[in-house]
Structures are given as structure tokens and as C-alpha cells.
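Dear colleague,

I am passing on the structure below, and would be glad if you kept it open while reading the notes that follow it.

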Amino acid sequence: MGDNMANHRPLFRRDKENSINTEPTSYVSDDRYKFLTEGRDYQPADVSHIYTDEEKETLANYESQNYLPSHSLLYRRWLQTQKEKRFNTLRWVVMGLIGMTVGIIGFLLHQGITLLFNTKLHMQESLFEKEEYDLAWLWSVGYAVIFVFISSASVVFLKPSAGGSGMPQVSAYLNGTYIPDVFSMGTLLVKFVSCLCAIGSGMPVGPEAPMVHMGALIGACLGQVRFEKLNVNLAIFQRLRNSQDRRNFISAGAAAGIASAFGAPIGGLLFSMEEVSSFWTKSLSWQIFFCCMVATFVTDLLNSVFHGYQHVGTFGHFEKEHYVLFHLATVININVLLLIPTIVIGITGGILGAFFTFLKLKMARMRKKLLFKMPKPIIARIIHCIEPIICMVIIATVYIYIPDSFGCTQFTCITEDGNTTYGCYNDTRADPEAEPNVIHYKCNKGSMKKTGTMWYTNGTYNEVATLLLLPGEDAVKNLFSRNTHLNFGFPSVACVLVLHFLSVSWASGTAVACGILVPVVFIGGLCGRLVGITLVNILKSLGSNDPHYWNWSDPGVFALIGAASFFGGVTRLTMAVTVIMIEITNDVQFLLPIMFSVLIAKWIGDYFTHPFYHAILELKCIPFLRAEPHLVLASKRLNAELYTAFDVMASPVVTVYPKQSVYKVAKILLTTTHSGFPVAKKQTMLSKSKHFYGLITRKELYILLMKEEVFCTKEEIENESEKVLNKSLEHVTYKDISNDIMNINLDEVETRLQKYVDDPKYQDLYIDLILCSGLTKLLPEFLMRSA
């Protein structure tokens with residue numbers, strides 16, 4: 001007598017994680033758009049992304065999150081037993097725990113990367129000194145292959161959700177999209193190992209964006225203070241186990257990740273607010289501010305003692321060269337003429353940032369297309385695992401041999417009167433970080449000689465090897481260094497810019513856990529340095545006798561502005577980028593030029609592509625609702641204020657009644673894919689309109705239907721409603737409905753629903769939905785149109 005829905009019902013929402021195809025082979029065969037079709041990879045900010053039909057199906061497979069609790073009878077009764085003041089204190093405690101844990105993870109990751117990279121670098125330099133260049137290549141390639149294989153294999157075969165930066169997925173989740181497996185402990189472990197091995201091997205990627213994902217993971221796990229596999233479940237934190245608090249803890253963890261990675265607590269707060277989070281309150285700002293402060297303090301405290309896991313410092317003594325990531329000791333005066341090259345840098349940063357995003361998208365689509373053509377999924381996975389290895393073999397080979405095409409450079413110093421002194425190495429009165437950090441490669445290391453307070457040397461170094469082979473942070477410091485006008489020539493910087501731009505574009509899209517923020521800073525620094533070198537050459541050709549031109553035209557200054565510009569051109573962030581650049585350099589003097597260049601880069605970049613992380617969300621077909629969505633129909637911009645929900649919603653509206661038969665509820669769940677249903681009731685038997693009582697979610701219906709003890713007959717639910725309600729309260733608690741849907745066995749739910757549809761007895765059994773429905777006391781009343 002029942003209807004069998006097994007063969008013709010639509011997708012059973014969320015019941016299979018595989019319904020959301022996150023595999024690298026998820027290529028859409030109906031992508032027939034041209035290379036520069038507007039709305040695909042080339043998509044100005046005011047143009048909505050164009051999806052193919054297959055991509056729209058993928059979009060439809062995602063489920064939305066219900067962050068705010070349903071103000072149902074069950075919730076209100078439970079809320080009466082809680083003491084809000086105590087739980088506000090607990091929230092601050094959890095925020096502190098998240099910050100402390102993220103700080104420790106950031107310390108362990110940074111120290112591990114330093115240890116792995118320095119091990120490789122020291123052996124390289126030793127082989128360079130012995131003139132064993134082919135052996136140095138073999139060492140670099142072999143070392144990279146081992147660790148990159150560990151990095152990629154752990155992602156491809158263990159946790160695909162740990163690949164990439166993870167930041168788009170975190171942004172989507174905080175925007176309201178459910179993404180399977182993105183916040184599991186296994187993902188955290190694989191993310192850490194993969195990121196450590198990838199960057200430690202010398203791959204031109206960064207750890208900052210993965211730290212955002214790992215921070216969010218820690219926020220998701222610690223925020224619930226419950227680890228079922230370890231049998232840890234503190235009842236006192238039950239009040240915090242809801243989607244709203246979980247969302248806030250994830251936002252805090254993501255902010256703490258940036259704060260720990262960059263040593264920029266305020267930048268981390270702004271980054272989370274501007275890029276990652278979609279929901280924000282004043283009280284949350286204070287809590288996240290506290291979390292970022294704790295994360296930065298813990299990381300700096302541990303870094304004050306260890307370097308590469310070796311005890312080197314004094315506990316609690318924060319040295320500025322380690323406390324500030326790219327500390328700049330020399331202060332440069334600003335000239336109003338600085339704004340002219342700043343505009344040029346801003347325009348360049350915007351164009352290159354948009355091109356970087358465009359290139360990354362094209363490479364990702366090409367990768368998907370190639371893997372899609374593989375005859376078996378396992379072959380596609382193996383190729384996906386091997387790709388970063390091939391990438392590193394090529395990059396290591398180029399980085400080892402390309403410096404041989406460039407000559408050796410003498411050490412130089414620029415005096416206060418603008419004169420150039422050759423052979424000077426370092427002034428003993430200068431800060432330690434002012435000492436040159438270079439790679440000699442095939443150049444003569446020479447000897448040292450001290451005259452007064454100045455060290456001199458007859459040694460030389462290779463500019464390209466210095467920029468390519470040093471760790472990313474040390475290379476950035478060389479670009480930002482002041483009074484180093486002649487340390488890097490135009491050909492060297494231009495060559496490194498092209499090589500690194502292409503290397504980062506390829507490497508950051510492979511199957512490893514990595515980010516692009518430090519590489520983006522480095523690429524931007526190269527662009528700015530080129531502008532600075534060009535300006536110095538112009539001023540020299542004009543024969544300027546004013547020594548002050550050496551000051552404000554310092555290439556290190558323009559490298560800093562260029563780094564901020566390209567950073568803003570890629571991410572389209574403004575406040576966060578500006579504050580982060582100031583915090584990591586301690587150079588407040590150039591606040592206004594940085595702000596100027598970032599704004600210009602954002603404006604220019606918006607003419608060509610969407611922000612980088614939003615474009616990646618569109619590529620992955622993950623739903624994301626912008627704060628100010630652009631509506632375009634037939635190439636015409638629509639004014640959203642002229643439309644109502646009725647214009648976009650389907651009709652007739654699928655509704656349930658406050659007292660509904662089990663059969664009908666089960667049938668609705670099996671034949672629809674909606675995440676929630678209006679609870680409505682006709683005011684009179686002859687009325688065509690329905691009175692809106694509230695909303696009940698699919699998850700709440702699942703939980704109610706799994707408890708047959710609350711089922712009752714039609715007579716009981718009509719004549720003994722109070723008794724039925726009390727019976728339901730005995731078997732259903734707020735703890736049940738507040739559980740995440742990941743804790744529900746959806747296969748069992750589907751089987752039970754099919755049973756309710758097939759067995760005729762459930763047509764005469766009813767369930768009271770008022771228990772979990774948000775009622776009109778807390779929601780506005782409105783009339784719903786019926787069929």
C-alpha cells in the first residue's frame with residue numbers, strides 16, 4: 001500500500017559524503033566556454049560567475065548550515081535551565097585554549113620547517129664550496145622528492161580534504177555551507193604533516209593559509225570540548241555545543257592561525273573579519289582579539305627559546321629580529337614624490353594579482369581535464385600524487401642551474417651622503433639582521449678584514465642564487481633591506497620574478513597542503529624592487545647631486561610597497577593587508593603609501609577577476625553568498641531591492657502541519673531535498689491561505705522520526721495534546737537536536753523513512769512537530785501562498 005521511493009526519488013541530501021565530488025577528477029564535460037569568456041575565469045567583480053549545468057548540479061548537492069538555534073519549545077525550556085553569565089566566562093576560557101593551542105601548533109610547524117629547510121640548505125652550501133654542483137643538484141632533488149612524496153601521498157590517499165590552503169572551505173563553512181570532513185582531527189594531522197614536508201622540502205609555497213585551516217580545525221574541535229574517541233565529554237561545556245558557538249570558535253581559530261603565522265594579532269583579527277567570517281558582532285571581536293593575542297604570545301614565547309627545535313635563546317626574551325617577521329631597523333624619510341612610483345606599483349600589483357588568479361584557475365581546469373581522462377580513478381590519484389614530485393624536480397633543477405647564467409656581485413654599502421662603498425660587509429654597530437645573508441654559489445667567498453667598526457671583504461655572491469635558494473622569509477628580508485640599492489640588479493630580479501611567479505602558480509595548485517601568502521609577498525617585493533631599481537637608474541642618469549634621493553628612492557622601500565600591492569591585488573583585502581604588512585615589518589613610516597597601493601591594486605584587480613579565494617570557491621562549485629551579491633540577467637544588472645522572496649522561490653511551497661502523519665513526513669523527506677520546511681496551518685477549513693507557525697529543519701525531523709516512542713494516534717494527538725507533548729519531552733532533549741548532522745547515521749535514517757512509507761500502519765500514526773518548531777512568539781507572522 002506504501003509508495004516505494006527507492007528508484008525515482010531525488011538525491012537523499014547529505015546521506016553520502018561522496019555526493020559532493022571533491023576528487024581531482026571532478027571535471028565537467030559540458031564546459032564549452034571560450035578561453036576569455038566573461039564570467040568564467042575572466043570575471044570582473046561586478047559580473048556573476050557563470051556555471052555549467054553539471055556545475056549547478058554540484059552546487060545543489062551542498063547543504064546549508066543552521067547557525068542560529070531554532071526558538072522552539074524544546075529550546076526555550078532548555079534555555080531556562082542555563083546560566084548565561086557562567087557560559088560567557090566559559091566562552092572566554094575556550095577562546096584562550098584555542099589561542100594557546102594554535103600558538104603551539106604554529107611554533108611546531110615553523111620550527112619543523114626551519115629544521116628541514118636548513119638541513120637541505122647547509123648541505124647545498126657545503127657542496128657548492130666543494131664545487132660539487134651536480135651532486136648539489138642530486139641532493140636537492142632527492143631531498144625534495146622524499147618529502148614532497150610524503151606530503152602529497154598523505155593528502156591524496158589519506159585525507160583529500162587536507163589539500164591546498166583550506167581557506168576557501170573555511171570561508172564557505174562560515175558563510176553557511178556544510179562541507180564534509182573539513183573539520184576532522186584526521187584532517188588536522190594530515191594538514192600539519194603535509195604542510196611541514198612540502199615547505200621543508202623547498203617547495204615555493206607558504207604555511208600561512210594552512211595555519212588558517214588548522215586554526216579553524218582547532219577551534220571546531222576544542223570549541224566543543226568533546227572527544228568521543230578519547231571518551232572525553234565535559235558536561236559543563238554542553239551549552240557551547242551548538243552551531244552558533246562552533247561557528248564563532250572556528251572564526252577565532254582562523255584568526256589565531258594568521259596571528260601565529262605572521263606574528264600579527266590585529267592583522268589576524270582583521271583577516272578573519274574581512275576575508276573568512278560572514279557573521280560578526282562586537283562581543284565576538286573582543287573574544288577573537290583575545291584569542292589572537294594569546295596565539296601570538298605563545299608562539300613568540302616558544303620561539304624565544306628554540307630555533308629548529310634547538311635551545312638557542314632565553315625564555316621570554318623577545319629579540320626583535322625574531323619577534324617581528326621582517327623587522328626593518330633603518331627608518332627612511334618619505335618624499336611626496338614617492339606617490340608617483342606608488343601609483344605605478346599599485347597598478348602593477350592589481351594587474352599581476354588578477355593575472356595570477358586567472359593563471360591559477362586555468363591551470364586547475366587543465367589539471368582536472370587531464371585527470372578526468374584517466375581510465376581508472378586509482379590512476380588519476382597516482383598521477384595527482386606524482387604531479388608535485390615532477391613539479392619539484394623541475395623547480396629544483398632550474399633553481400640550481402639558472403644562477404650559473406649570472407655573474408658575481410661585490411658587497412656594497414650606501415653612505416649617508418649617497419656615495420657607494422664597495423667591499424663593505426657590515427658595520428658592527430648595526431643591528432644583527434643588517435648582516436648580509438647571501439648564497440655565494442660559484443662566487444669567491446673571500447676573506448674578511450675589519451677597519452674601525454666596519455667589516456670589509458673581497459668576496460662576492462650570486463644574486464639569483466641568493467633570492468632563489470634561501471628560505472622564503474630570508475629572501476623577503478633581502479628584498480626589504482634598506483640602503484642596498486646595488487645589491488640586486490634589474491636582470492637578476494626580473495629573472496627571479498618570472499621563475500618564481502610560474503613556480504608558485506604551479507606548485508600551490510598541486511596535491512599538498514600549502515598556501516600562497518609568503519610567496520605572494522615575495523613576488524610583490526620583486527615587482528616593487530624592480531620599480532625601485534628603475535627609479536634609481538633614472539635618477540643616476542639625470543646626474544642628481546642631491547644625496548637625499550638615495551633615501552626616499554630606496555629599492556627596499558618599494559619592495560615593501562610592492563609586496564602589499566600584490567598581496568592586495570590577489571586577495572582584494574585592504575585593512576587586513578595594510579595592518580599585516582605594518583606588523584610584520586614594524587615600519588609605520590610607510591603606512592600611507594601601503595594603504596594607497598593596496599587600494600589601487602584592489603580597484604585594478606576587480607576589473608579582471610574575482611578575489612582569489614572567492615574564485616577558488618567558484619572553481620570548486622562551493623556555494624558562497626557575497627555580502628553584496630550582484631544580480632545579472634541577460635547582461636543587465638538587476639536591482640535586488642525591487643524583488644521579494646516570492647520572485648525567486650518555488651511554488652507551491654512544501655509545508656508540514658503542526659500535527660502530521662508519520663507517513664507524510666517520511667514521504668516529504670524522501671521526495672524533496674529542502675533543508676527546512678515551514679510549519680503551517682490553515683486558519684479555517686475553507687481558507688486558501690496558511691498561517692505560518694515556524695520552521696523545522698530536516699535534521700530535526702530526522703531525529704524525531706528516529707524515536708518511535710513519540711508517535712501517537714490521531715485521537716491522542718487531538719484530544720490529549722498536553723499529554724502527547726509531555727511524552728515527547730521525555731524522549732527528546734535539546735541535546736539530541738543540537739547534535740551536528742555528522743553524528744547521525746543517515747543510512748539508518750533512510751532505511752527507517754522507507755519503512756514508514758512502505759508500512760501502511762504509519763499512515764494512522766502522528767507526530768507533534770510543535771516541539772521543535774520555532775513558533776510565532778519569536779518569528780513574524782505572514783501568510784503563505786498555497787497552490
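**Two helices in contact**

Helix α6 (residues 185-200) and helix α7 (residues 208-222) have axes that come within 10 Å of each other and cross at roughly 155 degrees. That angle makes α6 roughly antiparallel to α7, the term being used for angles over 145 degrees, where axes are lines fitted to C-alpha atoms, for helices over the stretch in contact, and angles run from 0 to 180 degrees between N-to-C directions. Helices here are DSSP runs (H or I, at least four residues) and strands likewise (E, at least two), numbered from the N terminus. In this contact, which means heavy atoms within 4.5 Å, Met185, Thr187, Leu188, Lys191, Phe192 and Cys195 of α6 meet Pro210, His213, Met214, Leu217, Ile218 and Cys221 of α7. The residues of the contact of α6 with α7 comprise 9 nonpolar, 2 polar and 1 charged, with Ala, Val, Leu, Ile, Met, Phe, Trp, Tyr, Cys and Pro counted as nonpolar, Asp, Glu, Lys and Arg as charged, and the others, Gly among them, as polar.

Please bear in mind that this is a predicted model, in which local features need pLDDT of at least 70 and side-chain atom pairs count only at pLDDT 80 or more, while totals for chains, interfaces and linings use all residues. Residues are numbered from 1 along each chain as its sequence is written, and side-chain values use heavy atoms, with hydrogens and water left out.

**Cysteines**

A search of the whole structure finds 1 disulfide, defined as a pair of cysteine sulfur atoms within 2.5 Å. It is formed by Cys408 and Cys443, whose sulfur atoms are 2.1 Å apart. Cys408 lies in the loop between α13 (377-401) and β7 (409-410) and Cys443 in the loop between β10 (424-427) and β11 (448-451), so the pair ties together parts that are 35 residues apart in sequence. Cys408 is partly exposed, with a relative accessible area of 45%, whereas Cys443 is buried at 8%; buried means under 20% relative accessible area, exposed over 50%, and partly exposed in between (1.4 Å probe, protein chains only). Cys291 is in no disulfide, the nearest cysteine sulfur, that of Cys292, being 5.8 Å away.

**A covered helix**

Helix α5 (residues 167-175) is mostly covered, with 9 of its 9 residues buried. Its buried residues pack against β2 (177-178), α7, α8 (243-262), α9 (265-276) and α22 (612-619). Just after α5, Gly176 takes a positive phi of about 120 degrees.

With best regards

How values were computed:
Parallel < 35°, antiparallel > 145°, perpendicular 65-115°, else oblique.
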